[in-house]
Amino acid sequence: AMGLLDRLGSASEQGNNLRKLVDSLSRNDETVAIFEPVTSCLLTYRFSSAESVSKVVAGGVAPASKRSYERFLDLGEMDTFPHKQVANNEDAQILANRVKEEFGADHGISVLANLDGTARQKVFIGLNILDRNKGVFEQKIDFQQEDLEEKIVSSVLEVFAREYGRTNRY
């Protein structure tokens, strides 16, 4: 069976799909906010490089330390922290909800990773779509592969587009 990342298609297909997604968000006058310490704002950049950026991207953040992570989200001390290799489903959902709230966006996306060096290497994609469609999607990733951040971003975009489409808005 082909893996998720193998099915993504060419860069031009991905670009066309992203433009369609951004156009749909813009047409519906909706915004997205992104929390992505794993991809260092590459996902935010992807959204913002598409047309209609001023209407679509409410904000993006990639905290570089535990202190900035906690301070930005006003969470106090957390039991887990993605840079400490202990990301999980619960944190991914909390952060998708909080980044949406912090930026006043319609949709929140969080991208966390479990980088513990074992077979449990996963990316956790937390979504909050219009406060109706919430969920966390786990993707197994080979963290040794080339273009890792690009593949993670493509995976997140695919999951968001699919789940956004389920709201009958795409």
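I started with strand E1. Val 32 and Ile 34 point one way from E1, Ala 33 and Phe 35 the other, and all are buried. I took buried as under 20% relative accessible area, exposed as over 50%, and partly exposed as in between (1.4 Å probe, protein chains only).

The model is predicted: local features need pLDDT of at least 70, side-chain atom pairs count only at pLDDT 80 or more, and totals for chains, interfaces and linings use all residues. Residues are numbered from 1 along each chain as its sequence is written, and side-chain values use heavy atoms, with hydrogens and water left out.

I checked the partner of E1. E1 and strand E2 (residues 57–61) pair in the parallel sense over four bridges; pairing needs at least two DSSP bridges. Phe 35 stands opposite Val 61 in E2.

Next I listed the elements. The chain has six helices and five strands, as DSSP runs (helices H or I, at least four residues; strands E, at least two), numbered from the N terminus.

Then I looked at the largest nonpolar core. A core is a set of buried Ala, Val, Leu, Ile, Met, Phe, Trp, Tyr and Cys residues joined through side-chain atoms within 4.5 Å. This one holds 30 residues; Leu 43 and Phe 47 are among those that touch the most other members. Helix H6 (148–165) is one of the elements giving two or more residues. H6 supplies the largest share, nine residues.

I followed Leu 43. Its contacts (heavy atoms within 4.5 Å) include Ile 34, Ile 109 and Val 156, not counting residues up to four places away in sequence. A second, separate core of nine residues includes Ala 92 and Leu 112.
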